[in-house]
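Dear colleague,

Please find the structure below. My notes on it follow.

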Amino acid sequence: CSSRHYCQKQLKNLSVRDALSSEALGSHIRIQGWVRSVRSQKEHLFLHVNDGTCLQPLQVVASSDLQDRGLTFGSAIDVTGSLEKSPSKKQNVELHARHIEVTGACDPIEFPFKIKERHLMEYTRQFPHLRCRTNTFSALLRIRSEATSAIQSFFKDNGFTQIHTPVITSNDCEGAGDLFQVEPARRDKQQQQQQEEEEEGNPHFFSVPTYLTVSGQLHLEVMAGAFPAVYTFGPTFRAENSQSRRHLAEFYMVEAEIAFTESLEDVMRVMENLFKASTEHLLTHCAEDVELFHKYVTPGHRGQVDLMLSRKFNVISYTEAIDILNRSSQTFTFPTEWGCDLQTEHEKYLVKHCGNVPVFVTDYPYDLKPFYARDNQDRPQHTAAAVDLLVPGVGELCGGSLREERLDLLRNRLAQAGLEDAYKWYLQLREFGSVPHGGFGMGFERYLQCILGVDNIKDVIPFPRFSHSCLL
Ligand code: 4AD
Ligand code: MG
């Protein structure tokens, strides 16, 4: 520190966010962050500095003598000085620097982001190790963090217990493909030989084939045999060979399971309330960051969000959905007869048809749904008590169902699929104190896409993983 007078005063270490709150006005403070812009005038150098704690930068006023000291765009700096009222209308406070140290220099020519330029998301995506330095991605990460808290609070406020479901599992939940297998990496021949000897003929580390989880549902169903309501929120993995704008190989899923319910409406109510409560929380607690997306990324998207919040979500049956699609004048690439799976193009059409308000599609053909979906036992159009929530811009956001709690029906279905032995434990849940229950899963990244109007799912997750891409 350059001044004795300055050293005598107590130094407060502040984040940019706290410095901007003006509470420390008149204090001697220290901030550490990254230079966002540099402007030099005759006697003064004006730097904008941020540190990821908020969107707005803090203006630092320094002597122009410091001009050639490496205070470039992107450099990391450590500043001490006094926090003063700013004469400019653009900010309330500014930091009058006494001492600035360049912690980490940055060559602005080589740095992939340019000062005051709004880069396209496709461009910043190429730099997963640096894009957190951009305003847009930094805002996204704060929103992600706040949305996580909002979701946790929602469940806590509504009597749900959080369960940490495993990442490695020996069940495949959805009953079909798309799994990543888990085995130890064998680095060299000697290691491999040693391992094989230890395994005594069993090729699997856990003695059974194991996978990265595609869903925590079955583990939550276990817990719904002991708790009234449970949820989990963690990473899920699907080996989908897709480059689509709404699929990832690793994504976060929020899943809930409710015991003692015989009604799909109960499950749908939790989905709708979760969506609305989390979104309202974000609009209040992350207003500036959310506004950045609604202003610059998808202008006008705020109107869409307000519409979703103000309306009750629509409910139509799968059979009605097929009628709507068949009556439409639009030509679809995929067929729309009863029994077909709904494709993205169908989902988007249905949401538009419902006035761009989210829509629940219920009671899908029984044969389209996994073994755990509850049989509606209706004929001739045999359906299951399953529901998808479709939302504007994204299509399917949530998938859920009532679960088959009747032992004989479940056993028959598993036997038909040749899965009776593998799911003995699951059948036991129905033998010992079985209760009617149901639940759903919501894709966290798709939720963020829907609220922020982000077109590509790869731009709402810190480190996207998809087929042929695992940078970092
Ligand atoms: O519809 P899904 O496959 O449902 C299940 O996994 C149920 N077992 C959940 C449950 O009932 N507990 O997946 C749920 C949601 C989808 O609606 C979608 O939003 C998201 O997870 N999702 C994906 N998000 C990104 N990338 C992918 N590859 C996704 N696959 C599903
Ligand atoms: Mg689904």
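Strands E13 (residues 359-365) and E14 (residues 383-391) run antiparallel and are joined by six bridges. Proline 365 has threonine 383 in E14 as its bridge partner. Helices (H or I, at least four residues) and strands (E, at least two) are DSSP runs numbered from the N terminus, and two strands pair if DSSP finds at least two bridges between them.

This is a predicted model, in which local features need pLDDT of at least 70 and side-chain atom pairs count only at pLDDT 80 or more, while totals for chains, interfaces and linings use all residues. Residues are numbered from 1 along each chain as its sequence is written, and chains are lettered from A and ligands numbered from 1 in the order in which they are written.

The open sheet has eight strands in the order E7-E10-E11-E16-E15-E14-E13-E12, with mixed pairing. Strand E7 (161-162) and strand E12 (314-317) are at the edges with a single partner strand each, so one side of each has no neighbour in the sheet.

Ligand 1 is surrounded by 22 residues, the closest being Ser215, Gln217, Gly399, Gly441 and Gly443; a residue counts as near if its C-beta atom, placed from the backbone, lies within 6 Å. Strands E11 (250-259), E15 (395-402) and E16 (437-443) and helix H14 (444-452) each give two or more residues to this shell. E15 provides the largest share, five residues.

Methionine 442 touches Met253, Val254, Met271, Leu274, Leu397, Cys398 and Tyr447, leaving out residues up to four places away in sequence; contact means C-beta atoms, placed from the backbone, within 7 Å.

Regards

Terms used: Contact = placed C-beta atoms within 7 Å.
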